[in-house]
Amino acid sequence: MLEHDVLIIGAGLAGMRAAIAAQANGANTAIISKVHPVRSHSNAAQGGINAALTDRGDDWEDHAYDTVKGSDFLGDQDAIEVMCKSAGRSLIDMEHMGVTFNRDDEGKLGTRAFGGQRKARTFYVGDFTGQALLHVMFEQLIKSGIRSYEEWFVTGLIQEDGQVCGVTALEIRTGQIYAIRAKTVIFATGGLGRTFEPSTNALIVTGDGMALAYNAGARLMDMEMVQYHPTTLQGSGVLISEAARGEGAYLLDKNGDRFMEKYAPNMMELASRDVVSRAEQTEINAGNGVNGCMFLDCRHLGESLIMEKLSQIREIGIDLIGVDMITDPVPIRPGMHYIMGGIKTDIDGLTNVPGVYAAGECACVSVHGGNRLGANSLLDTIVFGERSGNHAALASRDVDYVEFDVDEVVKKEEERLQGILDRPQNGDRVGAIRLDMGQSLNNNLAVYRNQAGMEETLRDMTGFRERYASVPVDNKGSVFNTDLIFSLELGFMLDCAGAVTVSALDRKDSRGAQARTDFPDRDDENWMKHVVVTKGEVGPEISYLPVSITKWTPEERKY
Ligand SMILES: Cc1cc2nc3c(=O)[nH]c(=O)nc-3n(C[C@H](O)[C@H](O)[C@H](O)COP(=O)(O)OP(=O)(O)OC[C@H]3O[C@@H](n4cnc5c(N)ncnc54)[C@H](O)[C@@H]3O)c2cc1C
């Protein structure tokens, strides 16, 4: 029997940090991931990780204020305080584990400026910070001896009377279904980026954990808050890191003018992401771009800085669109990047479902509120990954495994998957539905939104669900059946897309990433609250939770 005190789904930064913490607390810990751990999307993080270090003349309260303001006052201030207070120690822990952060001329950890922050407090490794962090974390995982189920796909949560008691999972290599018993389960499954098309996210980022938790009774919160990053590459939508602007790059219109002056005269290109993306979209709509794009100009930074600090994004520009940022401005536009919302948790990662925790991008603590500051997500993963690992380990100490009929559970899941394989072959393919869904969301739930557009997507969703019910799986085999996995992922994405759309339709004001042309103002009187979605009898149900305010009174946001 496979059984663990703490079972973590996801081996990105949040999952691995949680695993190491849980193991350190003496729990029998395991981690499960649908891809090899270092292929998790955390690996793609480019720009860096925020922390306010006192010996740099920085202050966690300044970081917290910038985060609260960045969130458009929707972030929970108690949680933001926890994150920003812990940031320094968490960062130094990572350094001690072996992350080779860039250093300045004096040999001290170097920082770069990131958007929406009055101080340069982003620590980085070139423009591949996520890779550096993730690989070091993976070394720690190997050293710890934690059981790691690599290339296992979680298909369902097992519950008895609401209490979680394990998961069902498909071993991708063999196609065999297992039930793994667990006293506590931590979701660290990342975001839902690929629900939108295009997106900066890896193809594996399909919202599995949010959908699994939602179907098990968890609350999804702030789901309308989808971040469009200001600089994604023309065409593919691959990310060009904010690090470029952090190092001093400009945004230009078709005449070569720096249009950010009109929108954020103080912070210019380094205003918060929602502000910069809206500025770009407004300019594009007014015909001041070229082929639906504005330009990122790095030429004045010089070849040596670019080669030292931005070499990866330079290569991306050359490889994908044949533009070298050393000599030419790069065409960019706002693109789907991140979800601020997710599975609602407290500051220890605990959800409303007994025994279930969540951390990282799939969770909503909520430290990002309406808009996440660049480089606060990596911080979120390690701070709340660690806290949820600690808490789950302690919680599992005094409880026994909940009994359930393992054979019965496995048999049922096998039958369900066989049912999918046995479908007639005449329905629409996964790829077609996935593309239509992604484009519908990207048309109607992007930088600017309105009632009519979002209702169109809601209607589209009914059609996507009908088509999904008969989606065929060509591959009938059991070894590495990615066809089957894509189909399961699409089911998760449809649940997530539904939650995003109903939340965005419900919120009738503009705040952070949600900019409604039909409700253009922030309405604190009626909408200073979190929108929550739970699974009801006939579909998603909406409720609300208050925003926690500790010391920063909401005010108008200017950059
Ligand atoms: C291109 C890019 C650049 C970024 N740059 C930065 C940056 O510079 N700074 C910053 O702060 N943030 C950045 N972000 C955001 C940040 O990287 C992510 O929010 C963060 O890394 C998410 O980490 P995570 O641990 O929550 O999830 P992930 O790293 O996405 O890991 C998810 C894990 O869950 C597993 N999983 C999912 N579903 C299943 C399933 N059904 N069964 C089994 N396993 C499953 C996956 O295998 C994976 O191991 C960037 C994001 C992108 C896309």
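In this predicted model, a nitrogen atom of the ligand sits 3.0 Å from a polar backbone atom of Lys34. A second polar backbone atom to look for belongs to Gln46, which is 3.2 Å from a nitrogen atom of the ligand. Ser42 takes part through its side chain instead: one of its polar side-chain atoms is 2.5 Å from an oxygen atom of the ligand. The protein buries 98% of the 1000 Å² that the ligand exposes when taken alone.

The surroundings of the ligand can be explored next. The ligand has 38 residues around it, and those that come nearest are Ser40, His41, Ser42, Glu361 and Ser377. By type, the shell holds 18 polar residues, 16 nonpolar ones and four charged ones. Several elements of secondary structure each supply at least two residues of this shell, namely the helices α1 (13–24) and α10 (376–397) and the strands β2 (29–33), β7 (152–160) and β14 (330–339). Of these, α10 gives the most, with four residues.

Stepping back to the whole chain, the protein is divided into domain 1, made of 1–225, 340–412 and 424–559, and domain 2, which covers 230–328. The centres of the two domains, taken over C-alpha atoms, are separated by 27 Å. Where the domains meet, 27 residues of domain 1 are in contact with 33 residues of domain 2. About 2300 Å² is buried between domain 1 and domain 2, with 52% of it on carbon and sulfur atoms. On the domain 1 side, Gln46, Asp127 and Tyr559 lose the most area to domain 2, together 30% of what that side buries.

Technical notes: Residues numbered from 1 in each chain as written. Predicted model: local features only at pLDDT ≥ 70, side-chain atom pairs only at ≥ 80, totals over all residues. Heavy atoms only, no water. Near = heavy atom within 4 Å. Polar contact = N/O pair within 3.5 Å; in protein donor to acceptor, adjacent residues only side chain to side chain. Areas by Shrake-Rupley, 256 points an atom, 1.4 Å probe, with all protein chains shown as cover. Nonpolar A, V, L, I, M, F, W, Y, C, P; charged D, E, K, R; others polar. Domains from an automatic or database assignment. Contact = heavy atoms within 4.5 Å. Buried area = accessible area lost by both parts, 1.4 Å probe.
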